[in-house]
Amino acid sequence: MLPKAPLMTIDGKGVEGSEKLSVINPATGKSFIEVPDCTREELDRAVAAARRAFPEWKALSYDARREALLAIAAVLEEHGDEIAELIVQEQGKPFSAAQGEIRSGLRWSRGTAALELPVRIAEDSAERRVEVHRVPIGVVGAIAPWNFPIVQACWKILPALLAGNTVVLKPSPFTPVATLRLGELLQGVLPAGVLNVVSGGDRLGPWMTEHPDIDKISFTGSTATGKLVMRSAAGTLKRLTLELGGNDAAIVMEDADITKAVEGLAWGAMRNAGQICSATKRIYVHDSVYDHFARAFADRVAGVRFDRADVAGAEVGPVQNRTQFERVSAIIEDSRAEGHGFLLGEAEAGSDAGYLIKPAIIDCPPDDSRIVVEEQFGPVVPLLRFTELDDVLKRVNATQYGLGVSIWSADLAKARELSLAIDCGTAWINETQYVSPDFPFGGHKQSGLGVENGIEGLLAYTQTQTLVLRRG
Ligand code: NAD
């Protein structure tokens with residue numbers, strides 16, 4: 001059944017929008033709904049509403065804002081399946097995966113609400129008392145990608161609101177529907193203007209990043225777009241958090257538990273059709289266990305059911321949009337043309353009706369091949385051999401990216417030492433992609449600027465205000 005088109009939320013009310021944007025279902029490649037294509041005037045109204053709502057929201061107690069986050073959790077819980085169904089249609093993932101996304105949003109709402117923002121006493125002497133307060137920044141423009149529309153929105157709006165900011169949230173033009181619906185559901189929960197949700201095409205992001213009345217941009221997307229955002233935000237010296245691309249490596253050491261590594265990395269590489277910033281995108285395996293690992297890994301991935309979300313038993317859906325379908329197909333084609341070995345997926349072609357791509361595993365391509373160097377962001381992964389730790393360390397670090405790494409070994413001390421030598425925001429040992437509202441996530445090098453999550457992520461939505469009180 002076609003969902004009813006949700007509206008934008010501006011100043012606490014639904015806004016139909018004077019122009020429209022159509023949204024495609026990746027399972028069919030066809031448009032299934034039209035949503036508002038926000039005009040500049042509508043964006044100005046949203047920003048003005050956020051600005052008006054700011055002083056009162058900021059003046060609320062921290063505990064009152066904490067309660068608001070718990071109220072958001074209650075909405076996600078009550079309407080979880082309805083929102084998950086929209087995610088399936090616009091994003092392409094199976095319903096169970098979309099439900100997982102809602103559960104994650106819930107965990108983030110409650111976990112973020114539990115964070116504290118204490119005043120730091122820097123000096124407390126006979127002469128003076130110095131207090132370092134954390135105050136909100138103002139109006140936050142939150143710009144999200146299409147891989148996890150609700151989770152990515154939650155990672156931004158929850159800490160921004162808790163810290164006392166107001167928000168204008170823009171989902172990706174590829175996946176605006178569930179986010180718009182969440183905005184509608186929150187209209188009665190948050191005061192008018194505190195959270196505005198606007199949807200639009202390619203013109204809307206740049207309007208936000210250059211907007212004179214937005215104080216901070218929290219952006220998640222590709223490294224190339226992140227650079228445009230930074231340039232555009234310079235005009236008004238906006239505060240920035242940039243969560244960008246990754247080319248995460250996994251290192252499977254000779255003493256690794258191969259069964260566990262195979263299970264962890266099959267999902268690490270293929271979950272959400274590989275469309276995760278911290279998906280495992282290169283797997284380096286010690287020569288002594290390479291053949292064993294490669295066989296077991298190919299068998300495991302071959303057992304994952306890739307299909308349209310409406311096919312019973314589907315575990316992984318199509319990639320999200322045509323550009324991504326063409327990009328990932330071209331990377332696989334490049335490996336074919338270059339004569340790389342395939343452990344899986346050599347003969348498979350993507351489906352033309354939708355954007356389904358069957359998984360592929362490339363066997364020891366050269367280090368300078370596209371599949372090793374580029375962020376594939378799709379269900380294809382290269383396996384690479386190594387023998388010496390020094391060598392693998394150099395190869396893992398030889399990239400502009402620095403998001404995450406996973407190391408698989410029975411020797412935790414050695415794995416820990418190795419992980420600290422890798423340029424990355426997160427190193428996982430014997431697992432991958434475990435993230436939480438309790439600790440920071442972000443990238444080194446060109447994988448980003450700043451972090452999200454944890455107290456460090458919350459602080460990014462504040463600025464310091466130091467009070468110096470002279471005594472006597
Ligand atoms: P994208 O850069 O194409 O788009 C991201 C968002 O930016 C969208 O909302 C888009 O409309 C908007 N946008 C596009 N051009 C803009 C501009 N000039 N100014 C302002 N906004 C603009 O990214 P995507 O294709 O949606 O997402 C995939 C990328 O996101 C991958 O590289 C992935 O690694 C990255 N990602 C990173 C993280 C992380 O936490 N580091 C998480 C998820 C995804």
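I started at β15, where I361 is the bridge partner of L344. Strands here are DSSP runs of E, at least two residues long, and helices are runs of H or I, at least four, numbered from the N terminus.

This is a predicted model, so I kept in mind that local features need pLDDT of at least 70 and side-chain atom pairs pLDDT 80 or more, while totals for chains, interfaces and linings use all residues. Numbering runs from 1 along each chain as its sequence is written, and side-chain values use heavy atoms, without hydrogens and water.

I then looked up the neighbours of β15. Strand β14 (residues 341-344) runs antiparallel to β15 (residues 360-363), joined by 3 bridges. β15 also pairs with β16, parallel, over 4 bridges; pairing takes at least two DSSP bridges. In β16, V381 stands opposite I361.

Next I went to E375, in the loop between α12 (370-373) and β16 (380-386). Is E375 buried or exposed? I found it buried, at 13% relative accessible area (buried is under 20%, exposed over 50%, partly exposed in between; 1.4 Å probe, protein chains only). Its side chain makes a polar contact of 2.8 Å with that of K281 (N or O atoms within 3.5 Å; within protein, one able to donate a hydrogen and the other to accept it, and sequence-adjacent residues count only if both atoms are side-chain atoms).

Last, the ligand: 29 residues surround it, and E375 is among the closest, with A144, K170, T225 and L244 (a heavy atom within 4 Å). A polar side-chain atom of K170 lies 2.8 Å from a ligand oxygen atom. I also noted a polar backbone atom of L244 at 2.7 Å from a ligand nitrogen atom.
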